[in-house]
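The tour goes from the whole chain to single residues.

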Amino acid sequence: MKAYFFLCETNDGWRNLAADEYFLNHIGKDEILLHIYINAPAVIIGKNQNAWRECNLKAMEADGVKLVRRISGGGAVYHDLGNVNFSFIAHRDIYDVPRQMNVILRAVRELGISAEFSGRNDLLAEGRKFSGNAFCVRGEGRQHHGTLLLSADLSKLPGYLNVSDEKLKSKGVSSVRSRVCNLCEFNAEITSEGMIEALKKGFAQEYGAFENWELDAAAREEIEALYEKQSSWQWRLGQAPRFDLELKNRFDWGEIQILLSFQQAHVSQVQVYSDALDTEIAEQLAQMLQGARFTAGDLAAAVLPEKKELAEIAGWLGSLEY
C-alpha cells in the first residue's frame, strides 16, 4: 500500500473541492491519500441539495460567503478559517472508514481531547458534534471527507443555513448551534497548524510512512477545469424548475424534497433534492417518477424498492392524499 499526503495552500473553497475531485479521479490501485485544506467563509452543500431552499443566499452574498457544492451527499455545513477539513481518498480495495476515522480520533486525542465516533457520520466530544463526514464513490475510487471545528464562528451558522423544523425535531434539539462545538472549548491552545501536524502523525501511525503527492502541469490544468465547474452558477445553483407540486418528508436516513410538474395528469418534469448520504437516491427516484400518472398508487408503484430508502419512499408516496 502506498500512502500520500497533500496540503492545499489556498483558502478558496471552489479550488479546494476541485482538487478533492481531481484526487478521486486519479487515485491508483493500492493507494490512499489524506488531503487537508482550509476554506475561507463558505457554505458547503451536498450534491443533491436545493441551494435555494437550504441557504440564505442573500445573507451569504452580502457577507461575501461562497456557496460550494461538493460531489458527495449529506447536508449543508459552514466553513471558515477556524475549520480544518480532511479528505481520505483511496482505491476501493483498501478504503476502510473505521481506519480512516481512527486517524482523526488519534489526532484529536493527541491534542488532549477525548472523542468518539457516533451514528453514521459524526465525531463527538462530550456528546457534542465537532465533525461531520460525507462519502462519494466514483469508479474504483472512494472518498470520505469531513470537517473539524477548531475555532469556527458558530454564530454565523443559523444566519446562512435554513435548517428545516423536521430535521431539528428528528435530532431532538432546539437549534443548530446547540448540537455543535469547537475543539478549542476543550483545548484553548489548539491551532490549525497543530491539528494538521497531529493528523499527519495519526495518518503515519495508521498507514505507515507517507509521501507528499506532487502535482505536475497536467494535474494543475485538470484542477483548473474542475475549478471552472465548481465556481459556475450552473453547478452551484442550477436552474430552479417551475413545478406544480412539492412533496417532502424526513426519514431516519435523510430528507427528500420532490418537485413535480404535470402534463395531462402525468409527471412531465421532476426534480429531487436530498441530504441523504447515498448520492444515487435522488437521481434514481427522479428517473422512476418520470412519466408516472398522478395518483398516490401510481407514484408509489413507479418507485422500485431496489434499496431500503426507495422502499420507504414508495410507502410514503402511497400514503399521501392529493
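Helices (H or I, at least four residues) and strands (E, at least two) are DSSP runs, numbered from the N terminus. What you see is a predicted model, in which local features need pLDDT of at least 70 and side-chain atom pairs count only at pLDDT 80 or more, while totals for chains, interfaces and linings use all residues. Residues are numbered from 1 along each chain as its sequence is written, and side-chain values use heavy atoms, with hydrogens and water left out.

**The whole chain**

Begin by showing the protein chain as a cartoon, where you can look for 12 helices and 14 strands. Its radius of gyration (taken over C-alpha atoms) is 20 Å, close to the 20 Å that the globule rule gives for 322 residues, so the chain is as compact as a globular protein of that length. The globule rule used here is 2.2 Å times the number of residues to the power 0.38. Along the principal axes, the C-alpha atoms fill a box of roughly 60 × 45 × 40 Å. Of the 322 residues, 53% are buried, where buried means under 20% relative accessible area, exposed means over 50%, and partly exposed lies in between (1.4 Å probe, protein chains only).

Next, select Phe130, Met195 and Leu199, the residues with the most contacts inside the largest nonpolar core, which has 33 residues. Such a core is a set of buried Ala, Val, Leu, Ile, Met, Phe, Trp, Tyr and Cys residues joined through side-chain atoms within 4.5 Å. Among the elements that give two or more residues to this core are strand E1 (2-7), helix H4 (97-110) and helix H7 (192-207). In soluble globular proteins, nonpolar side chains tend to be buried together.

Which residues are in contact with Phe130, leaving aside its neighbours within four places in sequence? With contact meaning heavy atoms within 4.5 Å, they include Val108, Leu123, Thr147, Leu149 and Cys181. Now move to a second, separate core of 26 residues, which includes Val270, Ala292, Ala314 and Trp316.

**Helix H10 and its end**

Select residues 280-289, which form helix H10, and notice that the helix is mostly covered, with seven of its 10 residues buried. Those to pick out are Ile281, Ala282, Gln284, Leu285, Ala286, Met288 and Leu289. The buried residues of H10 pack against strand E13 (254-263), strand E14 (266-274), helix H11 (296-302) and helix H12 (308-319). After H10 comes Gly291, whose phi is positive, near 85°.

**A lysine in a strand**

Now select Lys248, which has its place in strand E12 (residues 245-251). Is Lys248 buried, partly exposed or exposed? With a relative accessible area of 40%, Lys248 is partly exposed. Leaving aside its neighbours within four places in sequence, Lys248 is in contact with Arg53, Ile256, Gln257 and Trp316, and that tryptophan also belongs to the second core.

**Two loop residues with positive phi**

For the last stops, select Asp30, in the loop between helix H1 (13-26) and E2, and then Glu126, in the loop between E8 and strand E9 (128-138). Asp30 has a positive phi of about 65° although it is not a glycine, and Asp30 counts as partly exposed at 33% relative accessibility. Glu126 is likewise a residue other than glycine with a positive phi, near 50°, but Glu126 counts as exposed, at 69% relative accessibility.
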